[in-house]
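Thanks for coming. I will go through one model today, from the overall figures down to a single residue. Please have a look at it first.

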Amino acid sequence: MQNAQLIGLSSQMALGRELEVIANNMANVTTTGFKARTTRFQEYLMPKASAENFQRPDRKLSYVIDSGTPLDLTQGPIEATGNPLNAAIRGDAFFAVQTPQGERYTRNGAFELNAQGQIVTSDGNPVLGEGGPIQIGQQETGLALGPDGTISTNQGTRGKLRLVTFANPQGLTNAGGNLYSSTTPPQPAGPQGRIEPGALERSNVRPVLAMTRMLEVNRTYQLVSDTVSRLDSLRGTAIQRLADVGNA
């Protein structure tokens, strides 16, 4: 009976983790360039019987363990905005961004010009070009972004957006602010990333599917919780009856 309760608890922990992931995805349905995460679980069998010649051999117990929350890297819908400082990526690339914590990466191409003329993210972090942050003079006009990431004004080319890819994008870690960090250095994107100027990539979260899954997980969680409660009640009743027999 105690084993059944432990198995139920492992299931509840896994379902609780899945609910957290779904809730975070739902909270970012309107976040530009957001990539959803999914959940991955696997079976863990224990214990392994040390011998199989007993009258009643040990039976393996099947637990659930969390084996990760991989990124869903499918392309989000691209929406034209007409803003010359908006850029959407088609492909597997990321923009490089300079933050106080070091270099970070994002798919959010909703850029701005700060008071110093630097191209920055909505949080004020400089967007990196191939030669570092991109600077636009106060008197320059006609800002334009090309499909290859080249940024130009009436004074000529001012820089080129740096696009990067990763050998293992599943190793990216959420760093807050719709940014990712990586423990391995990125590679130049090359043909794996193409920019669509004057457009933004919307979140790839599919809200109807996410809501449906959230309802399913909630129902399953409640079912497991009820089962564990009944087992706990049965265990308490059994202990009480044993105590009554011992006192008789």
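**Overall figures**

The protein has an accessible surface of about 14300 Å², and 52% of that belongs to carbon and sulfur atoms; areas come from the Shrake-Rupley method with a 1.4 Å probe, and for residues only the protein chains shown count as cover. This is a predicted model, so local features need pLDDT of at least 70 and side-chain atom pairs count only at pLDDT 80 or more, while totals for chains, interfaces and linings use all residues. Residues are numbered from 1 along each chain as its sequence is written, and side-chain values use heavy atoms, with hydrogens and water left out.

Of the 248 residues, 36% count as buried; buried is under 20% relative accessible area, exposed is over 50%, and partly exposed is in between. The secondary structure comes to two helices and 19 strands. These are DSSP runs numbered from the N terminus, helices (H or I) of at least four residues and strands (E) of at least two.

Now one of the sheets. Strands E11, E12 and E13 form an open antiparallel sheet in that order. At its edges are E11 (144-145) and E13 (156-160), each pairing on one side only; two strands pair if DSSP finds at least two bridges between them. E12 (residues 150-153) is joined to E13 by four bridges, and isoleucine 151 has glycine 159 in E13 as its bridge partner.

Isoleucine 151 also turns up in the lining of the largest cavity, along with Leu143, Ala144, Leu145, Ile119 and Leu161, among others. How much space lies in the largest cavity? About 60 Å³. A cavity is a set of points on a 1 Å grid over the protein atoms alone where a 1.4 Å probe fits but cannot get out, and lining residues have an atom within 4 Å of a point.

On to the cores. A nonpolar core is a set of buried Ala, Val, Leu, Ile, Met, Phe, Trp, Tyr and Cys residues joined through side-chain atoms within 4.5 Å. The largest has 16 residues, and Phe95, Ile119 and Leu161 have the most contacts inside it. Apart from it lies another core of 11 residues, including Leu19, Phe34, Val217 and Val228.

Last, leucine 215, in helix H2 (residues 207-247). Is leucine 215 buried or partly exposed? Partly exposed, because its relative accessible area is 45%. Its C-alpha atom is separated by 9.5 Å from that of leucine 19, 196 residues apart along the chain.

Terms used
Buried means under 20% relative accessible area, exposed over 50%, partly exposed in between (1.4 Å probe, protein chains only). On a 1 Å grid over the protein atoms alone, a cavity is a set of points where a 1.4 Å probe fits but cannot get out, and a pocket is an open set with protein on both sides within 12 Å along at least five of seven lines; lining residues have an atom within 4 Å of a point. Grid points are joined across faces, edges and corners, and a volume is the space filled by probe spheres set on the points.
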